[in-house]
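Please look through the sequence and the model shown here before reading on.

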Amino acid sequence: MPYLEAALASLLAQDEEDIEFIISDNASQDSTEAHCRAVAARDSRVRYSRNEVNLGAAANFQRVLSVSTAPYFAWAAHDDVYSSNFISRCLDGLRSRPEAALCVPAHRRIDDKGTVISIRQEPPGLASPDLQTRLRAHLSRRAWLTIYGLWRKEVLMQIGPPLPIWGSDVILVWRALLVAPIETIPEPLADYRVFLEKTADATMFGVTGSESRLHFPHTGMLRELKRASEGLGLSENDRQVAAGVLRRWVLTPSYRQLAFADLWLESRRYWSEGAKLRALALLPPMAVLSPRMGLNGLHHVWRNYRGDRGHS
């Protein structure tokens, strides 16, 4: 709460009525339980259960998947809002592309007040029958919302659950693309809420449900992407294609920005802990990855240095 009320209302108002709604309350500490039980009492399609402890988002995502019975499945976050034709349009997309793993529309990114920040469309290349094209399309952006589409449940059971690690959604969609294309809808059919002040550590706590310190999260995500093709029964050629796409990706400006973000996060942590020489030692590789952003980082460090010495 308070966003849950609008999220649930938008889902219950779908023009496709033959839906089961599974609510897994991940140990909420507000009025979530009371509201959900009231909704379930009014609508027989709704099943509510509560975790006694916070399992983390990844485990909670897997929990609702494991108890679902329908052949199609969608995850829905507590703070997002969906157009009334979200499910029906995605169903049409999957029925028109029997080989597709899921269908996902564009999303409106909104802030905590509901104001639209931007519209994010999925890359059309995700729908390509060519493996290399769709893998490259997946890595061509810095923000990923693809997981919030309508999936074929059989594909999700094949590729495995979301992992409790940084980039879990990116890795899951990568595994899906290794076995099938993804159908896309260019018009926005959902509002994805963005909290601009949310820290990386807070995001990781949401995924795992436990306090942990993030160190070079995107490097870890790259390592998991390399391992993602294991256990999917891919041909040697497809495995080589996936490896080649990753090798080229690490040379792109897109990945350099992610690597820079890792270094920036680590340098700020070192500085806050008083390990200022370690923080300064990370500036040269930051400058190599992005000269302009590296200079901004140096300026930030200099301002903090002057502040520590009593200068305004």
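Predicted model: local features only at pLDDT ≥ 70, side-chain atom pairs only at ≥ 80, totals over all residues.

Residues are numbered from 1 along each chain as its sequence is written, and side-chain values use heavy atoms, with hydrogens and water left out.

The protein chain has 14 helices and 8 strands; these are DSSP runs numbered from the N terminus, helices being H or I of at least four residues and strands E of at least two. Of its 312 residues, 47% count as buried, where buried means under 20% relative accessible area, exposed over 50% and partly exposed in between, with a 1.4 Å probe and protein chains only. Among contacts (heavy atoms within 4.5 Å) between residues at least 6 apart in sequence, 74% join residues at least 24 apart.

Two features of the backbone come next. The peptide bond from M1 to P2 is cis, with omega near 10°, and P2 sits in the segment before α1 (4-12). A27, in the loop between β1 (21-26) and α2 (32-42), has a positive phi of about 60° although it is not a glycine. At a relative accessible area of 16%, A27 is buried.

Another loop, between β6 (116-120) and α5 (131-138), holds E122. This residue is buried, because its relative accessible area is 7%. The E122 side chain makes polar contacts with the side chains of R141 at 3.2 Å and T146 at 2.6 Å. A polar contact is a pair of N or O atoms within 3.5 Å; within protein, one must be able to donate a hydrogen and the other to accept it, and residues adjacent in sequence count only if both atoms are side-chain atoms. Leaving aside neighbours within four places in sequence, E122 is also in contact with residues including V104, P105, L145 and T184.

Aromatic rings are the last topic. Rings of Phe, Tyr and Trp (its six-membered ring) pair if their centres lie within 6.5 Å; planes under 30 degrees apart count as stacked, over 60 as edge-to-face and the rest as tilted. The count comes to 8 aromatic pairs. The rings of Y3 and F195 have centres 5.8 Å apart and planes at 65°, so this pair is edge-to-face. Because Y3 lies in the segment before α1 and F195 in the loop between β8 (183-193) and α8 (200-208), the pair ties together parts 192 residues apart in sequence. Y3 is partly exposed at 21% relative accessibility, and F195 is partly exposed at 33%.

F73 and W75 also form an edge-to-face pair, 5.2 Å centre to centre with 85° between the planes, and both residues are buried. Ring pairs link F61, F73, W75, Y148, W151 and Y192 into a cluster.
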